Amino acid sequence: MAVPRVVDDAAIRWITIDRPEAANALTLDDLRHLTAAVREIDATTRAIVFTGAGDRAFCAGMHLDTFRGLDPASARGVITQVGEFLAAVRLSPAVTAVMLNGACLGVAFELALACDLRVARAGAMVGLPEVKLGIPSVVDAALLPAYVGLSRAREMILTGDSVTVEELGPSFANRIVAAADLRASTEQLLASVLRHTPTVIAAQKSLFETWLNTGIADSVTTSIEVFGDVFADPATTDAVESYRTNRRRANQSPADGA
């Protein structure tokens, strides 16, 4: 069976889930390969983009055979492996993105929620159908209310019904484009992020995780420490001076804030 394809193109690692004959459904072996592909990057990799092979689906979630014959212990093992993959995505210092070329269901939708950025084909269907299998939506499904609100999240999870990316409103997809424009729109969005220093992107991403997991007081305290730490990298001072120079050239006061 085909494993996910990994292609490094300049600063971007493109990961393609490659099982189009089964709507790119994932096996546990796929998850191991995906987790390694996310974790095993070096400093030259600035972004990781996930997409699916073919034009039918981004990914239909876990292959249904994954859930056959499980007992409580083996079920916990399966979902632990899912959680480890999604945590690797959330915690990666690289910018993470999904390029949704088609239907995005189950764990694939959780992957989309865990990533930093989402570019979707117009009309792409998304959802969490687990309840229809008699199992709960778990792990990064917990992020859904932040995107669509508690009421809509509960409806989606409790019905298991899919909706189009347009129906989710403006808070989910960063860009919704025609299929022919997916790659170009993804690259354009990433370019606007990757012009910034790797240090500040990694720092900001670490703070996203802090904000998700702690209250405002602890978030502020951690933010102060992270802010100070980025100045250990000379690139930070260079970026400040470059921004200041550009603002001056634009006839704006260099004392103006960002």
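Trainee: Let's start with Ala10. Is Ala10 buried or exposed?

Mentor: The cut-off first: a residue counts as exposed when its relative accessible area is over 50%. Ala10 has 73% relative accessibility, so it is exposed. Do keep in mind that this is a predicted model.

Trainee: Where is Ala10 found?

Mentor: Look in the loop between β1 (5–9) and β2 (12–17). The backbone of Ala10 deserves a glance too: phi is near 55°, a positive value in a residue other than glycine.

Trainee: Which other alanine has a phi near 55°?

Mentor: Ala23, again with a positive value in a residue other than glycine. Ala23 sits in the loop between β2 and α1.

Trainee: And is Ala23 buried or exposed?

Mentor: Buried, as the relative accessible area of Ala23 is 10%. Under 20% is what counts as buried.

Trainee: Now helices. How do I read the packing of helix α1 against helix α2?

Mentor: Begin with the axes and the angle between them. For α1 (residues 28–39) and α2 (residues 72–91), the axes come within 9 Å and cross at roughly 25°. Angles under 35 degrees count as roughly parallel, and α1 and α2 are therefore roughly parallel to each other. The handedness of this crossing is left-handed.

Trainee: Which residues of α1 and α2 meet?

Mentor: From α1, pick out Leu28, Leu31, Arg32, Leu34, Thr35, Val38 and Arg39; they meet Val78, Gln81, Val82, Glu84, Phe85, Ala88 and Val89 of α2. Sorted by class, this contact holds nine nonpolar, two polar and three charged residues.

Trainee: How is α2 placed against α3?

Mentor: The two helices pack at an angle of about 25°, and their axes are 9 Å apart. That makes α2 roughly parallel to α3. The crossing of α2 past α3 is right-handed.

Trainee: Which residues make that contact between α2 and α3?

Mentor: In α2 they are Val82, Phe85, Leu86, Val89 and Arg90, and in α3 they are Val107, Glu110, Leu111 and Ala114. By class there are seven nonpolar, no polar and two charged residues in the contact of α2 with α3.

Trainee: How many residues of α3 are buried?

Mentor: Eight of the eight residues of α3 (residues 107–114) are buried, so this helix is largely enclosed by the rest of the structure. On your screen, select Val107, Ala108, Phe109, Glu110, Leu111, Ala112, Leu113 and Ala114 to see them.

Trainee: One more helix, please. How far does α7 reach from its first C-alpha to its last?

Mentor: Helix α7 (residues 198–213) has 16 residues and reaches 23 Å, close to the 22 Å expected at 1.5 Å a residue.

Trainee: Which residues of α7 are buried, and what covers them?

Mentor: The buried residues in α7 are Ile201, Ala203, Lys205, Leu207, Glu209 and Thr210. Their cover includes α2, β5 (95–100), α6 (182–194) and α8 (216–229).

Conventions. Residues are numbered from 1 along each chain as its sequence is written. This is a predicted model: local features need pLDDT of at least 70, side-chain atom pairs count only at pLDDT 80 or more; totals for chains, interfaces and linings use all residues. Side-chain values use heavy atoms; hydrogens and water are left out. Axes are lines fitted to C-alpha atoms, for helices over the stretch in contact, and angles run from 0 to 180 degrees between N-to-C directions. Helices (H or I, at least four residues) and strands (E, at least two) are DSSP runs, numbered from the N terminus. Angles under 35 degrees count as roughly parallel, over 145 as roughly antiparallel, 65 to 115 as roughly perpendicular and the rest as oblique. A crossing is left-handed if the near helix is turned anticlockwise from the far one by less than a right angle, and right-handed if clockwise. Contact means heavy atoms within 4.5 Å. Ala, Val, Leu, Ile, Met, Phe, Trp, Tyr, Cys and Pro count as nonpolar, Asp, Glu, Lys and Arg as charged, and the others, Gly among them, as polar. The expected span of a helix is 1.5 Å times one less than its number of residues. Buried means under 20% relative accessible area, exposed over 50%, partly exposed in between (1.4 Å probe, protein chains only).
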